[in-house]
Amino acid sequence: MPGKRRGRHYSRHDAKRRRAIEKVSSEEGGSAGIGTEARGVIITCNLPNRVKTATRDIIRLFEHHWAAINSDAEKEPSSEEATANISESIEAELAELKDDKNRLFRFGGDVCRGVVFIRFEAGVTMRPSEFVHSLLKSKDLTAPSNVCRISPLDIVRAPNPDSLKVMSEKFVAEHLGKESKGTETWKMEINSRNMSNMKRQMVLDLVSPYVDDSKHEVSIVGAELTLLVEVNQLLCGMSLCREFEALNKYHTGKCLGYGTDDEKDDDDGNDTNRTTTFSPEGRLYQVGRRVLRNTSLVIVLFLVEYAMEAINNAGSTVGVLGKQCVILAGEKKTISKLLESGKASEKIYPIADHVVCAVAGITSDANVLINQLRLSAQRYRYSYQEPIPVEKLVTSICDVKQQYTQFGGLRPFGVSFLFAGYDDHYGFQLYHTDPSGNLSGWKATAIGVNNQTAQGILKTDWHEDMSTKECLDLVAKVLVKSMDTATPTAETLEFGVLTLNKDKEVAFRMLTDDEINTLMAAAKPEKPEDEE
């Protein structure tokens, strides 16, 4: 169990970090804790709980890039060329992974939560800063989705001031001192992680004396060289990086785009194919991986557009506001004689005594939002002892929808709502919300398949002060014209009426099958006598 040590919490993560230092010390034979030839990179992960996956993916990316730039590595036959079939190829790859002696990049230890050190072995002849620079300039690679930033370290020592002073005498004097060849401008970038005895000012005081100011001027903006200094509980190190600001401080996602090497874009380069992603036709992909080559904003815009397309493929849903009522009606896509009538509602759901909604889109998404709506309505009634205003309730769910278009790793809800409600503030009201979280009030509207045709009929036939009977007839007429079936009946339709009863209380009821059939039969256009 975690205990206390020297006034701080001591856990198994600290023990793991200490064992990593001791292991490096024993391998290199150094008395200071880190060998004199140690070098590598610090990688920062987007998700701390995916460190192992990020380490594996970045090592694979390093090996792939090293094979691409190293002539000797290119001459070696690949596993695909050396094997005759897939099974042999897999066995060869497993054997290569088990043969750890020839690996060029190794896990070097946990720096802190979500940050690890990757060691470069002697077989890597390039300096880590040069290798990372060429990697981030590559046009053919994509960054692992779990890796955020790479910090190269050309020289690494034990985490103490004496080691930092030795590195400054050797590394800084060689590249920025009097004996250095160039005359570039420079600046310093210091990363100090969980270190109480080595502050930024101490690092600056140890490094500055070895810089020749006459040859290398300090430039805060647009510096040609960046001296990157890393100080943490596992190690301290430094490197000299070029184009540090131009390459977004070596941010892998911004330089390469997120994804892994074996992930490819779809044909049009925009679509992604996880179950959190909509296709252009409004369907959810079921298999595959996700690729983020474009910016997050562009991806979110595509997802919202695709979610709206999913609504356009849903069953027709119509809402009409009358003088003393609001009518909602929708086309059911799930039709089966085995469904228990009266126990399963696919299109219209009551939220509170005075609010009802009709759904167009993915029903499972709608169920989540409907539960949230009901909870919000009951919380408001419990707090204020009165029904929640309709507009406030609709706005609350729009805020939830909008949040799912704002953050990575989420997809928009593939559902639109038509809300019918009544309150003392504005009387009868009809609202529409879409997957992006937009809210709009309507006198009559339609969503789902063939919504343009339905909107045209509503614009022509709707007028002020319509009675309940007139609203029902108009909705029936719209459904007859917009639905794909020639004979719509109660099996494919749901009707809901929100009105006031004799006691001036809000009342909602669903029309029976006989009422719907009678209504649709009356709305069906009569055939000309010639056709009869």
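Modeller: Helices H2 and H6 are roughly perpendicular to each other, a term for angles of 65 to 115 degrees, while angles under 35 count as roughly parallel, those over 145 as roughly antiparallel, and the rest as oblique. H2 covers residues 51-69 and H6 residues 128-136, and they pack at an angle of about 90 degrees with their axes 11 Å apart. From H2, the contact takes in Leu-61, Phe-62, His-65, Trp-66 and Ile-69, and from H6, Phe-131, Ser-134 and Leu-135. Sorted by class, these residues are 6 nonpolar, 2 polar and no charged.

This is a predicted model, in which local features need pLDDT of at least 70 and side-chain atom pairs count only at pLDDT 80 or more, whereas totals for chains, interfaces and linings use all residues. Residues are numbered from 1 along each chain as its sequence is written, and side-chain values use heavy atoms, with hydrogens and water left out.

Some terms need their cut-offs. Helices (H or I, at least four residues) and strands (E, at least two) are DSSP runs, numbered from the N terminus. An axis is a line fitted to C-alpha atoms, for helices over the stretch in contact, and angles run from 0 to 180 degrees between N-to-C directions. Contact means heavy atoms within 4.5 Å. In the classes, Ala, Val, Leu, Ile, Met, Phe, Trp, Tyr, Cys and Pro are nonpolar, Asp, Glu, Lys and Arg are charged, and the others, Gly among them, are polar.

Another pair of helices is H14 (residues 468-482) and H15 (residues 513-523), whose axes come within 9 Å and cross at roughly 70 degrees. H14 and H15 are therefore roughly perpendicular to each other. Their crossing is right-handed; that is the case if the near helix is turned clockwise from the far one by less than a right angle, and left-handed if anticlockwise. Leu-472, Asp-473, Ala-476, Lys-477, Leu-479 and Val-480 of H14 touch Leu-519, Met-520 and Ala-523 of H15. This contact holds 7 nonpolar, no polar and 2 charged residues.

H11 (residues 363-384) and H12 (residues 390-403) have axes that come within 10 Å and cross at roughly 135 degrees. That angle makes H11 oblique to H12. This crossing, too, is right-handed. On the H11 side stand Leu-369, Gln-372, Leu-373, Ser-376, Ala-377 and Tyr-380, and they meet Lys-392, Leu-393, Ser-396, Ile-397, Val-400 and Lys-401 of H12. By class, there are 7 nonpolar, 3 polar and 2 charged residues here.

Cysteines come next. The structure holds 0 disulfides, a disulfide being a pair of cysteine sulfur atoms within 2.5 Å. For Cys-471, the closest cysteine sulfur is in Cys-325, at 4.0 Å, which is too far for a bond. Cys-471 is buried, at 0% relative accessibility. The sulfur of Cys-45 has its closest cysteine partner in Cys-148, 9.0 Å away and too far for a bond. Cys-45 is buried as well, at 9% relative accessibility.

Asn-248 has a phi near 55 degrees, a positive value in a residue other than glycine. It sits in the loop between strand S10 (236-242) and helix H9 (252-256), and is partly exposed at 35%. Asn-450 has a positive phi of about 60 degrees, though it is not a glycine. Its loop runs between strand S18 (444-447) and helix H13 (451-461), and its relative accessibility of 32% counts as partly exposed.

As for the whole chain, it has 15 helices and 20 strands. Of its 532 residues, 48% are buried. Among contacts with a separation of 6 or more, 69% are between residues 24 or more positions apart.

Methods: Buried < 20%, exposed > 50% of the residue type's maximum accessible area, 1.4 Å probe, protein only.
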